[in-house]
Structures are given as structure tokens and as C-alpha cells.
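I am opening a notebook page for this chain and will write down what I looked up, one topic at a time.

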Amino acid sequence: MHAGFPDFRLGNVLATSFTGTLSERHGNAVERIPTPHRLIDWLAVNGLTVDSCTTAQLELARELRESIHAAATAAAIQDALPASAVQVINDCSAQGRAAAVLTPEGKRLWRLSSASCVEDALSVIAADAISIIAGERDGKLALCASPTCQAAFFDTSQSRTRKWCDMNTCGNRQKKARFHANQRKNSRSAE
């Protein structure tokens, strides 16, 4: 990993983890893939290793990220999917050369060839987005309850009532804010 960059927020769902490379969208936004090398790092952490990335490929990745976020947000609130976002997702899905492979444990992984490029990795992310937005997987799209975050995430909890994209960041921040507000309220009432 390259030092000096914010940590990646990794999840269990590739497409929504990818949208998490831009966090705090409604607050002080944190860009977690600011450079082509950082995108290479993120892809490698997620099993989609590529050798190089151009600035144009980074821009394509960000366009896909924002399109997935827009479509997932619309799906989470049961709104119409933005046509431009759907087009970007479909285009990225169609342009890649990746193969699904079955592991001995019965899980699906994606294999990129040794000559794969960023577009091949993005096609895997786009295909993952299509499967969750289309409702093909067990779970539901939801939006983080944090007013500064509002990230789209895929809720696979048994009750499907998860409120936070990440309990360790957004959830804890909200719990701390409630705790401190209650402390201030209790100290005022004790005066």
C-alpha cells in the first residue's frame, strides 16, 4: 500500500465497496483513489490485479463508481434508475475480459488474464453492480443513515434493517454524537 492515503473501506460486496472509495459524500468528501497507483492498489486488494493504470482509466473508474452509486441509491429508495448511470454500468460490463471461476470451496471468483487492463477489472465491478441492483442476490440495497455519508450499501443482515454502511466509522460516530448530546443534556439538567 502507498503511504499517505486514507485506508480503504472494504466490505463484502465488490460494487458497494468500490463506491466507498469516495466517502463522506455529503460532508468533507474523502477520495480514497486519488491517483492511478492507488486504484491499482484497491483493485489488487479486491483480487483484481492489473499492472498499470492511466489517468484516463482512473477517470473511467471514477465515472463507473459514481454511476454505480447513483443507480444503487435510486434502487435503495425505489426510484427510477438514472439512464446515464445504467449506460455507463452496461458499457463497462460489456467491455471487459474476465472469467468467473469456481473455487474448491464453492465460491465464485473472477480471474483476469496476465494481460488484463483496468477495463477488465472494471467490467467485474460493473457485473457485480448489475447483480445487486437487479436484485439477483440475497440482500437489499440501503443508504447509510449518517447525514454526511449516505453511502449505498448491500444489507445482508437477517432482518435487513442495518442502518450504517460501516459500524466502525459511521455507526460509531453517530453513537458518540448521541452519547455526547445526552451528556450535555444531563449536565444541564443537573445544574
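I began with contacts, counted where heavy atoms lie within 4.5 Å, and noted that residues 24 or more positions apart account for 55% of the contacts in the chain with a separation of 6 or more. I must keep in mind that this is a predicted model, in which local features need pLDDT of at least 70 and side-chain atom pairs count only at pLDDT 80 or more, while totals for chains, interfaces and linings use all residues. Residues are numbered from 1 along each chain as its sequence is written, and side-chain values use heavy atoms, with hydrogens and water left out.

**Elements.** I looked up 6 helices and 6 strands in the chain, taken as DSSP runs (helices are H or I with at least four residues, strands are E with at least two) and numbered from the N terminus. Their order from the N terminus is α-β-β-α-α-α-β-β-α-β-β-α.

**Extent and cover.** The C-alpha trace spans about 70 × 40 × 35 Å along its principal axes. Of the 191 residues in the chain, 40% are buried, where buried means under 20% relative accessible area, exposed means over 50%, and partly exposed lies in between, with a 1.4 Å probe and protein chains only.

**Helix α2.** I then asked myself how many residues of α2 are buried. The count is 7 of its 10 residues, and the helix is mostly covered; the buried ones are P36, R38, L39, I40, D41, W42 and L43. Their cover includes α1, α3 (55-76) and α5 (118-133). Just after α2, I noted that G47 takes a positive phi of about 75 degrees.

**Aromatic rings.** The structure holds 1 aromatic pair, and rings of Phe, Tyr and Trp (its six-membered ring) pair if their centres lie within 6.5 Å, with planes under 30 degrees apart counted as stacked, over 60 as edge-to-face and the rest as tilted. Why is the pair of F18 and W42 called tilted? The ring centres are 5.0 Å apart and the planes stand at 50 degrees, so the pair is tilted. F18 belongs to helix α1 (residues 14-19) and W42 to helix α2 (residues 36-45), so the pair ties together parts that are 24 residues apart in sequence. F18 is buried at a relative accessible area of 0%, and W42 also counts as buried, at 0% relative accessibility.

**A charge over a ring.** Last, I found the charged end of R137 over the ring of F154, 5.6 Å from its centre; the rule asks for NZ of Lys or CZ of Arg within 6 Å of the ring centre and within 35 degrees of the ring normal.
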